[in-house]
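Colleague: I have a model open and would like to go through a few residues with you. Could you take my questions as they come?

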Amino acid sequence: MAARLDDGGDDLTENHDINVTPFIDVMLVLLIIFMVAAPLSTVDVPVDLPVASAKPQPRPNKPLFLTVKADLTLAFGNDSVPRGGLRGALDAATGSDRQQRVFLRADKSVPYGELMTVMNLLRAAGYLKVALVGLEEAPPPPAPGARAAPPAATAPPAAAPAGP
């Protein structure tokens, strides 16, 4: 806000200061508008996520597969393992080498929370390199009237790294 105190002279001099009060009013109105509109712009929309089509990673000679079955039990390789004994089974298989990658597989019916619980068990055991295993995306069906290509050999499951 600009003001000038007159010293009593008769000369009318121009005041070159800008009155900023209207600018502050406009800024406060814009602030209120954005504060009201911001929560409206974050609406949850249900999304059906697409199938991942990651390129298969090279498979190690002796991969470590940890499986979460549909009944939420764990299997390390082909052997069932209790959740409390996961660290010991991993240490025995890797020789306590926590830099080896663990391939985590889960049934489609396993809830996401259970999968995260198993990943937390792996982290607590010190195994930070985790790869999530899934099936490769099926190739699209041939166009009508096109000749079908001969069937290719089946590839191993694709693994997408999930850890550092």
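Colleague: Is threonine 94 buried or exposed?

Modeller: Bearing in mind that this is a predicted model, threonine 94 has a relative accessible area of 9%, and it counts as buried because that value is under the 20% cut-off.

Colleague: Where is threonine 94 found, then?

Modeller: Threonine 94 belongs to helix 2, which covers residues 86-94, and the residue that follows helix 2 is glycine 95, with a positive phi near 70°.

Colleague: What does the side chain of threonine 94 reach?

Modeller: The side chain of threonine 94 comes to 3.4 Å from the backbone nitrogen of serine 96. If you set aside the neighbours within four places in sequence, threonine 94 is also in contact with Leu64, Gln100 and Tyr127.

Colleague: Which residues in helix 2 are buried?

Modeller: Leu86, Leu90, Asp91 and Thr94 are the buried ones in helix 2. Looking down the axis of helix 2, you would find these buried residues within an arc of 125°, so they line one face of the helix. As background, an α-helix has 3.6 residues a turn, so residues three or four places apart point the same way.

Colleague: And what do the buried residues of helix 2 pack against?

Modeller: They pack against strand 1, strand 2 (74-76), strand 3 (79-81) and strand 4 (102-106), and also against helix 3 (112-125).

Colleague: Staying with strand 1, what about threonine 67, is it buried or exposed?

Modeller: Threonine 67, which lies in strand 1 (residues 64-68), counts as buried at 16% relative accessibility. Its side chain makes a polar contact of 3.0 Å with the side chain of arginine 105, and, not counting residues up to four places away in sequence, threonine 67 touches Thr73, Leu74, Ala75 and Arg105.

Colleague: Changing topic, which residues form the nonpolar patch on the surface?

Modeller: That patch is formed by Ile18, Val20, Phe23, Ile24, Leu28, Leu31 and Met35, which together have about 710 Å² of accessible area. Taking one of them, phenylalanine 23 sits in helix 1 (residues 21-37) and counts as exposed, with 53% relative accessibility.

Colleague: Last one: where does arginine 59 lie?

Modeller: Arginine 59 is in the loop between helix 1 and strand 1, and with a relative accessible area of 47% it is partly exposed. Its C-alpha atom is separated by 10.0 Å from that of phenylalanine 103, although the two residues are 44 residues apart along the chain.

How values were computed: Residues numbered from 1 in each chain as written. Predicted model: local features only at pLDDT ≥ 70, side-chain atom pairs only at ≥ 80, totals over all residues. Heavy atoms only, no water. Helix = DSSP H or I, 4+ residues; strand = E, 2+ residues; numbered from the N terminus. Buried < 20%, exposed > 50% of the residue type's maximum accessible area, 1.4 Å probe, protein only. Polar contact = N/O pair within 3.5 Å; in protein donor to acceptor, adjacent residues only side chain to side chain. Contact = heavy atoms within 4.5 Å. Patch = residues over 30% accessible without salt bridge, like charges linked within 9 Å, V, L, I, M, F, W, Y side chains within 5 Å. Areas by Shrake-Rupley, 256 points an atom, 1.4 Å probe, with all protein chains shown as cover. Salt bridge = Lys/Arg side-chain N within 4 Å of Asp/Glu carboxyl O. Arc of directions from axis to C-beta.
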